[in-house]
Amino acid sequence: IDAFLSIIFFLQHSIMVRRGFKQWLGKYMPDVYHSAFYGLTSAIALLIVLVFWQKSPTLIASANGIIFWLIRALFFLCLAGFFWGVKSLGSFDALGVNPLMRYISNRPDKPQQIIAKGPYQWSRHPLYLFVIFLIWACPVLTMDRLIFNIMWTFWIVIGTFLEDRDLHREFGSQYLEYSSRVPMLIPYKIPGNKHD
């Protein structure tokens, strides 16, 4: 059941963000509503996962003592990193409200641009990286949690490749230059190092 719930969320989240789906949806709904529709359906899909998730009594591993506190510290460090990434973006509109507000107030859309500051100097997709660490930074590992960790990590990595491909198409040579300097997910290069 947990795997099925995860797949429902993955399909909703990944299909609706693709360009082909946006073009198809544009036949039935003005583009300005797409972000809000995507945010709303994502919230509903996530709520379904949370409500119907089946907790397992099978304990695989449990951290105690200093290891417990190190894992907790990692969790909060990654949470701070996630918010650092959000702040670096300038705005984080998970529910797609900003395009609607600009449309209602008759303000022009802001042009999309590549953000290359904060954690985006180290990784092209730092929010995904922080979420992967957040997923695994849990001191108690039950069977359902292991299923969650593996499936959601796998999905995030695949989604990172798909989003990176979409960004290459959208920004062309500008994103190609950015991707030549900054790793996609794992930050193995020092920012500003011209010798890579």
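My entries follow, from the whole chain down to single residues.

**Ground rules.** I am working with a predicted model, where local features need pLDDT of at least 70, side-chain atom pairs count only at pLDDT 80 or more, and totals for chains, interfaces and linings use all residues. Residues are numbered from 1 along each chain as its sequence is written, and side-chain values use heavy atoms, with hydrogens and water left out.

**Overall.** I looked up the elements and found eight helices and two strands. Helices (H or I, at least four residues) and strands (E, at least two) are DSSP runs, numbered from the N terminus. I noted their order from the N terminus as α-α-α-β-α-α-α-β-α-α. The C-alpha atoms fill a box of roughly 55 × 50 × 25 Å along the principal axes. Of the 196 residues, 37% count as buried; buried means under 20% relative accessible area, with a 1.4 Å probe and protein chains only. I put the accessible surface at about 12700 Å², 69% of it belonging to carbon and sulfur atoms. That area comes from the Shrake-Rupley method with a 1.4 Å probe. I then checked contacts (heavy atoms within 4.5 Å). Among those between residues at least 6 apart in sequence, 76% join residues at least 24 apart.

**α4 and α6.** How do helix α4 and helix α6 pack? I read an angle of about 160° between α4 (residues 65-89) and α6 (residues 126-136), with their axes 9 Å apart. The two are therefore roughly antiparallel, a label for angles over 145 degrees. Axes here are lines fitted to C-alpha atoms over the stretch in contact, and angles run from 0 to 180 degrees between N-to-C directions. I listed the contact residues: F75, C78, L79, G81, F82, G85, V86 and L89 of α4, with L127, F130, V131, F133 and L134 of α6. By class, this contact has 11 nonpolar, two polar and no charged residues. Gly counts as polar in this scheme.

**F82.** F82 is buried, at a relative accessible area of 18%. I also took its C-alpha to C-alpha distance to S62: 25 Å in space, for 20 residues apart in sequence.

**α7 and α8.** Helix α7 (residues 143-171) and helix α8 (residues 173-181) pack at about 130°, with axes 6 Å apart. That makes α7 oblique to α8; oblique covers angles left over once under 35 degrees (roughly parallel), 65 to 115 (roughly perpendicular) and over 145 (roughly antiparallel) are taken out. I found D164, L167, H168 and F171 of α7 meeting S173, Q174, Y175, L176 and S179 of α8. This contact has four nonpolar, four polar and one charged residues.

Technical notes:
Buried < 20%, exposed > 50% of the residue type's maximum accessible area, 1.4 Å probe, protein only.
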